[in-house]
Amino acid sequence: EGRAHDSCHHLVAGFGISEPSARHLIQKFGSRANGVLALTKENSTLAEPLVASPPSVASVQRAVTGCHSEPGLAGRRISLPNTTALAALRAEVVFCVRCEMAVSIEDILARRLGLESFGWREALAAAPAVADLLAGELRWSDEEKRRSLAGYVSRINTLLHSTGASE
């Protein structure tokens, strides 16, 4: 426990990240947490949270379709009851692509970061940012990014609907 606390403090002091993000990185990546954060030195935007705040339903729909949402969805926000989604950093996605051969939104959110384990809504909230980062790293076209995001959102919405959890 003492070493974990020291490691957490080191990450907070050395990289200027929040304590929840430092704890999250240590739990997820262990001794490789420094490698994840080293990416923030080459691109400071990678130090930003993957999900800065719960996005609106409309913003996820707009990211998928490129269009504005249905009028009834305009002000609704995706509820994020678990803070893990807010602790994950953009650098984690890039690290998973470069060092763990992750190649899809599902791979990142279900297997690498595990956000789907915390909740499908958390995963939906993170999906547009993950798609943007994957597109940059894997040189996806805009159409490939849109198609990948639409497929992921559709799959999660199907899961939500099948369990009666859709809004």
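**View 1. Surroundings of Leu50 in the predicted model.** Setting aside residues up to four places away in sequence, Leu50 touches Ala88, Leu89, Arg90 and Val93, and its contacts also include Leu113, Leu115, Ala126, Ala129, Val130 and Leu133. Leu50 is one of the residues with the most contacts inside the largest nonpolar core, a group that also contains Leu25, Ile105, Ile108, Leu109, Leu113 and Val130.

**View 2. The largest nonpolar core, with 44 residues.** At least two residues of this core come from each of helix 1 (2–15), helix 2 (19–29), helix 3 (33–42), helix 6 (90–100), helix 7 (105–112), helix 9 (120–138) and helix 10 (142–162). Helix 9 supplies the largest share, 11 residues. As a general background to such a view, nonpolar side chains in soluble globular proteins tend to be buried together.

**View 3. Helix 7 and what covers it.** Ile105, Asp107, Ile108 and Leu109 are the buried residues to look for in helix 7, and the elements covering the buried residues of this helix include helix 6, helix 8 (115–118), helix 9 and helix 10. Just after helix 7, Gly114 adopts a positive phi of about 75°.

**View 4. Glu92, a buried residue without a salt bridge.** A polar atom of the Glu92 side chain does, however, lie 2.7 Å from the backbone nitrogen of Leu89. With neighbours within four places in sequence left aside, Glu92 is in contact with His24, Leu25, Lys28, Phe29, Val36, Ala87 and Leu113.

**View 5. Glu116 and its polar contact with Tyr152.** Glu116, which lies in helix 8, has a relative accessible area of 15% and is therefore buried, the cut-off being under 20%. The side chains of Glu116 and Tyr152 are joined by a polar contact of 2.8 Å. Residues up to four places away in sequence not being counted, Glu116 touches Glu106, Leu109, Ala110, Ala123, Tyr152, Arg155 and Ile156.

View 6. The protein chain has an average pLDDT of 83, and 76% of the residues score at least 70. Where pLDDT is low, predicted coordinates should not be read in detail.

Conventions: Residues are numbered from 1 along each chain as its sequence is written. This is a predicted model: local features need pLDDT of at least 70, side-chain atom pairs count only at pLDDT 80 or more; totals for chains, interfaces and linings use all residues. Side-chain values use heavy atoms; hydrogens and water are left out. A nonpolar core is a set of buried Ala, Val, Leu, Ile, Met, Phe, Trp, Tyr and Cys residues joined through side-chain atoms within 4.5 Å. Buried means under 20% relative accessible area, exposed over 50%, partly exposed in between (1.4 Å probe, protein chains only). Helices (H or I, at least four residues) and strands (E, at least two) are DSSP runs, numbered from the N terminus. Contact means heavy atoms within 4.5 Å. Lys and Arg count as positive and Asp and Glu as negative; His and the chain ends are not counted. A salt bridge is a side-chain nitrogen of Lys or Arg within 4 Å of a carboxyl oxygen of Asp or Glu. A polar contact is a pair of N or O atoms within 3.5 Å; within protein, one must be able to donate a hydrogen and the other to accept it, and residues adjacent in sequence count only if both atoms are side-chain atoms. pLDDT is the predictor's confidence in each residue, from 0 to 100.
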